[in-house]
Amino acid sequence: MNLDSRISKIYMREFKDSTHKKNWTLLIPFAVVSLILVIIPLLLIFIKAFLPADGATVADNWTVINGFIWQKILTSFFIALITTIVCILLAYPFAYFLSTSKSKIFRTVIFFIATAPVWTSFLVKLVGLKTFFDICAGYDNSTFGHIWTIIGLIYLYLPFMIMPLYSVLNDMPKNLVYASYDLGYGSFKTFLKITLPYTRVALASGITLVLLPSLTTVAVPQFLNNNNDGSMIGDIIVDQGQAGLTSDIALTRASTLSLILCLVMLGGFGIYLIFQKVIWKRFKARRSSHE
């Protein structure tokens, strides 16, 4: 081995070691922020749910979990699921056709208009939307029912479905689509075989950004649903937390509700993983064998 090759190997080894160290160094700020803002609060919620309040027992913390709470969780999940499905049906065609536009200025302007609600205050958007509905109806407090909550959530979270889909579709290599057409696939089959698999990760990101905030949303039902039973699980947790300022048992019950909701979301994620790893793979293998 000559001297140049030895020097080159030593340089590459030192370069890899330094790059590896730099990568670990870049993770330190993220780890610190995650520890302070995510891990420690979750641990405190978990611990608080199993600590007895003043003049009460641990069992009293869990008396808040009853049929009414499970009904609110199911209702909240149903509302969040409908919101997510509608957002997908609206955002995917919009992002797809916008990404196929040849005018860069047109794409930029329309994308900015579609995502403009993100830059507006959450409260201002809710007040403006409710005022618009009341003006259309001709009288105040005109919105009754969960449908208005769903409309409000779609309005608030639709940009979070558009952004990841448009980013991926805009950067998708066009030669993949052209190659699919050359192989004899039509538009629909090209979408199923090329476009949809290519945007799978972006679609999962959009679903996460819409489903979870919709499930745990606060204030939207109070603004847009005037029914007495229009609250969602997030509103109940907030009410318990506000009561916890003067009542220790209310604070422990708020922690218990938060813990139960986290377990429900983890359970849903586990079902999704089982579906993706087992059922979906079997379906794809069976479809491939038939083809």
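Biologist: Let's start with one side chain: is Phe132 buried, partly exposed or exposed?

Modeller: Keep in mind that this is a predicted model. Phe132 comes out at 48% relative accessibility, so it counts as partly exposed; the exposed class takes values over 50%. Phe133 has 11% and therefore counts as buried.

Biologist: And how do I read a pair of aromatic rings?

Modeller: You describe a ring pair by the distance of the centres and the angle of the planes. There are 8 aromatic pairs in this structure. Take Tyr96 and Phe97: the ring centres sit 5.4 Å apart and the planes are at 80 degrees, so you call that pair edge-to-face.

Biologist: Where do Tyr96 and Phe97 fall on the accessibility scale?

Modeller: Tyr96 has 25% relative accessibility, so it's partly exposed. Phe97, at 57%, counts as exposed.

Biologist: What about the rings of Phe132 and Phe133, how is that pair classed?

Modeller: Their centres are 5.9 Å apart, with the planes at 55 degrees, so this pair is tilted. Edge-to-face would need an angle over 60 degrees.

Biologist: Which residues do ring pairs link into a cluster?

Modeller: Look for Phe46, Phe50 and Trp62; ring pairs join them up.

Biologist: Okay, on to helices. How do I describe two that pack together?

Modeller: Use the angle between the axes and the distance between the axes.

Biologist: Is the crossing of α5 and α6 left-handed or right-handed?

Modeller: Right-handed.

Biologist: Which residues make the contact?

Modeller: On the α5 side you'll find Phe122, Lys125, Leu126, Leu129 and Phe133. From α6 come Trp148, Ile151, Gly152, Tyr155, Leu156 and Tyr157. By type, the contact of α5 with α6 splits into 9 nonpolar residues, 1 polar and 1 charged. So Phe133 turns up again: its ring pairs with Phe132, and Phe133 also takes part in the contact with α6.

Biologist: One last thing: where does Pro41 lie?

Modeller: Pro41 is in helix α1, which spans residues 3-49. With 30% relative accessibility, Pro41 counts as partly exposed. Setting aside neighbours within four places in sequence, Pro41 is in contact with Leu35 and Ile36.

How values were computed. Residues are numbered from 1 along each chain as its sequence is written. This is a predicted model: local features need pLDDT of at least 70, side-chain atom pairs count only at pLDDT 80 or more; totals for chains, interfaces and linings use all residues. Side-chain values use heavy atoms; hydrogens and water are left out. Rings of Phe, Tyr and Trp (its six-membered ring) pair if their centres lie within 6.5 Å; planes under 30 degrees apart count as stacked, over 60 as edge-to-face and the rest as tilted. Buried means under 20% relative accessible area, exposed over 50%, partly exposed in between (1.4 Å probe, protein chains only). A crossing is left-handed if the near helix is turned anticlockwise from the far one by less than a right angle, and right-handed if clockwise. Helices (H or I, at least four residues) and strands (E, at least two) are DSSP runs, numbered from the N terminus. Contact means heavy atoms within 4.5 Å. Ala, Val, Leu, Ile, Met, Phe, Trp, Tyr, Cys and Pro count as nonpolar, Asp, Glu, Lys and Arg as charged, and the others, Gly among them, as polar.
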